[in-house]
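Thanks for coming. I have one model to go through, so let me put it on the screen.

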Amino acid sequence: MKNRKIMLSIIIGLIVVSIYIIITKPTKLGLDLIGGSRLVLEAQKTPQISKITPDMMDSLQFAIEKRINAIGVAETVVQRAGENRLIVEIPSISDPQKAKEYLGETASLEFKEQKIGLNKQPVWVSTGLSGKDVKKATVGSDPTTGEWKVDIEFTGEGAKKFGKLTQTLVGKPMAIFFNGELQSAPVIQEPILGGRAQITGGSGGFQFEEAKKMVDLVNAGALPVPAEIIEENSIGPTLGLDSIQKSKLAGLVGLALVMLFMIAYYRVPGIIADVALVLYSIFAFAVFKIIPVTLTLAGIAGFILSIGMAVDANILIFERTKEELRAGRTLFTAINAGFDRAFTSIFDSNMTTIITCTILYMLGTSIIKGFALTLVIGVVISMFTAITVTKTFMHLVFGSGQLKHPELFGLKKEQISNSSSFEDTNPRKAKLGVLD
Amino acid sequence: MTSPLLRDKNIIDVVKFKWLWIGISLVLIIPGIVAMIYSTVIYHSPMKLGIDFTGGTLLQYGFEKQLTTQDITTVRDDFKKVGIENPVIQIENADAFLKKQAASAKTNNQKAANIKSVISIRTRFLSSEKSNNEINKVNDVLRSSFGSFVPLQVSAIGPTLGTELFKNAIFALLLAFAAIVAYLAFRFQLDYGMFALIALFHDALFVCGMFSIFGLLFGTEIDSLFITAVLTVVGFSVHDTIVVFDRIRENSRFLAKKMSFNDVVNASVNQTLARSINTSLTVLITLLALFFLGGVTTRDFVLAMILGIFIGTYSSIFNASTLLAMWRSKGAKPTPKAA
């Protein structure tokens with residue numbers, strides 16, 4: 001009895017803590033529910049770069065983070081995945097295609113001079129001056145033509161290089177390449193020593209958007225290695241909203257139907273199971289918030305499935321308790337025996353679920369991981385609630401002594417009196433579960 | 001001799017009708033196997049693989065205009081002009097979507113309230129390199145043909161990534177199988193593990209077969225979520241089988257001297273029958289709620305699980321244990337029960 005009081009106070013304590021956590025901590029919702037983009041970038045090897053090193057990935061991650069920030073969306077996440085991949089998550093973005101343009105581009109800004117090539121054709125040759133020498137780029141407009149242009153301010157070192165270069169190139173063209181594309185190739189009139197330059201968009205001029213993008217990319221810095229978008233998942237906010245409402249409804253309806261079923265079939269123990277189920281949901285939800293688990297659509301499916309499994313533990317226990325009662329056991333021993341006997345089944349069967357989920361979590365993609373994580377948390381908590389909550393409440397409600405009202409368990413009186421004679425004749429065997 | 005109590009409680013004599021259960025299993029599985037073979041011959045894979053495994057881009061849009069198949073034919077030519085050949089374009093059932101949207105429009109989503117048609121476009125993996133953003137090209141084509149739209153989702157998987165995901169998925173599946181058998185062999189005995197494996201293989205085969213049929217009939221594709229569903233089904237099937245096996249293990253400890261193994265199996269299956277059915281019912285209730293009320297994105301996933309839970313319950317009651325009984329009675333004294 002004392003144990004049961006301790007157990008009850010532990011349960012009440014857990015409820016209070018869980019509710020506190022649920023109220024105070026925010027729910028982390030996945031991009032498929034709030035809408036947003038999830039992109040996977042893979043660093044690409046080039047003839048110059050034969051191996052992607054962790055250092056390269058670090059600077060790639062840094063550059064990508066800077067670019068994402070330039071888009072101006074809050075709560076973006078850039079994560080490393082594997083040896084050569086980055087996962088970029090941008091929540092509630094209205095135009096994911098625009099964001100993509102910012103990410104994949106190498107953003108190499110190069111200044112080139114013209115030399116005569118082998119076949120007497122003029123070719124552009126690198127001068128050694130590049131985007132790395134740029135301190136800052138800004139969008140400006142040409143006062144005479146009104147066209148958009150990009151103003152560049154070099155670093156100290158860059159200004160020296162640029163000055164020297166323009167000195168040697170007086171009367172000759174100097175080309176500016178962005179991402180391998182020729183932007184403009186003005187003829188140098190005189191040496192430029194002030195450390196400033198401008199890029200105009202050639203004959204057509206820049207669109208504002210174009211100039212703005214170039215400025216953002218140059219300021220964020222070039223990517224140390226080219227990166228390619230190999231996976232994209234973008235969910236519009238409309239679909240996200242739709243999914244979240246549907247999942248909520250499905251979850252609640254599913255839960256309600258299961259609860260009704262339990263009461264209809266198991267009567268009073270069914271009510272106890274329902275209480276355990278509600279507590280189970282509260283505990284599980286609190287754990288999701290503590291970890292924190294990002295709830296995705298698949299994650300919610302995992303959670304709803306775990307409700308089914310949580311009920312299973314209760315069903316196993318009740319079926320077993322009923323059998324013990326049929327065998328004429330007293331309430332107290334029947335309940336205890338029901339729990340003990342059912343426990344091996346519950347444990348072994350849940351272990352296999354835990355094994356599969358662990359494998360899924362290790363090898364799966366992010367969708368699968370979400371599912372596995374919520375299911376495994378659900379299964380572990382369900383074992384806990386079935387054994388502690390259900391058992392404590394069963395004892396509290398039914399107490400000990402003979403079962404006087406078998407209908408509380410959905411049993412008939414004659415089923416019990418019939419079998420209790422077996423216990424009278426053979427109590428030791430009956431205790432071991434022998435039913436003959 | 002079976003005790004009177006046990007015989008009274010036996011609702012079905014599972015061991016006696018073992019050939020019937022095996023027959024039903026064959027009827028359930030063979031159409032799927034035929035479909036898988038047919039599909040392999042025609043499409044080179046037993047099930048229709050989605051972009052997760054083949055690589056590709058899937059775009060989904062909601063339009064305010066009611067679109068017809070005629071519209072789709074014209075837009076197909078426009079896609080060809082921008083270099084996107086042979087896209088698979090589907091107009092989806094906008095009714096269910098529309099209703100839901102009308103409801104959600106009350107909250108704040110005015111724009112979404114007008115969606116009349118939803119179209120899905122599946123193509124090869126669309127490049128998003130530099131200025132050549134092919135998804136933007138698709139957007140432009142659609143905008144100029146049908147007016148404004150609400151982008152619902154974009155999902156793109158690079159071609160190399162697709163094969164990688166597929167390999168990972170198959171590897172995960174095999175690893176899970178092996179781990180489960182190892183666990184059962186450890187907790188029970190090797191032959192228990194073997195028959196649980198046969199039962200779960202039976203279940204996985206049924207679900208895959210059904211999806212192969214769906215693929216042929218309705219173009220249903222399998223994705224990573226499908227693999228998850230199969231794995232969950234496998235977990236659940238074993239879960240069910242274990243409950244029965246656990247009972248057999250317990251009963252044979254006490255009753256082995258009085259009853260034949262066949263009778264022990266019969267008694268155990270009948271004792272756990274109520275539990276097996278009730279548990280499956282509760283899980284099916286939650287799954288059905290998800291199926292009818294949940295999001296479109298997880299519908300196939302839930303369907304795979306519904307089929308799996310159904311077959312898993314069947315195999316744990318009628319297959320795993322009767323096969324175990326057949327196997328054990330062959331080794332021990334022969335019982336004259338075979339039909």
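**Strands, then chain A**

Strand β1, residues 56–63, and strand β6, residues 149–157, both of chain B, run antiparallel and are joined by 8 bridges. Within that arrangement, B:Phe63 sits opposite B:Phe149 of β6(B). Please keep in mind that this is a predicted model.

Next, a hairpin in chain A. Strands β4(A), residues 109–116, and β5(A), residues 122–130, run antiparallel, with 6 bridges between them. A:Gln114 is opposite A:Trp124 in β5(A). The hairpin has 5 residues between its strands, and A:Lys120 takes a positive phi near 65°.

Last, chain A as a whole. Chain A contains 12 helices and 11 strands. How does its radius of gyration stand against that of a compact globule of 436 residues? The globule would be near 22 Å, whereas chain A has 35 Å. The C-alpha trace of chain A spans about 115 × 40 × 35 Å along its principal axes. Of the 436 residues in chain A, 45% are buried. Taking contacts in chain A between residues at least 6 apart in sequence, 72% join residues at least 24 apart.

That's what I have; questions are welcome.

Key. Residues numbered from 1 in each chain as written. Chains lettered and ligands numbered in written order. Predicted model: local features only at pLDDT ≥ 70, side-chain atom pairs only at ≥ 80, totals over all residues. Pairing = 2+ DSSP bridges. Helix = DSSP H or I, 4+ residues; strand = E, 2+ residues; numbered from the N terminus. Rg over C-alpha atoms; globule rule 2.2 N^0.38 Å. Buried ≥ 20, exposed ≤ 12 C-beta atoms within 10 Å, placed from the backbone. Contact = placed C-beta atoms within 7 Å.
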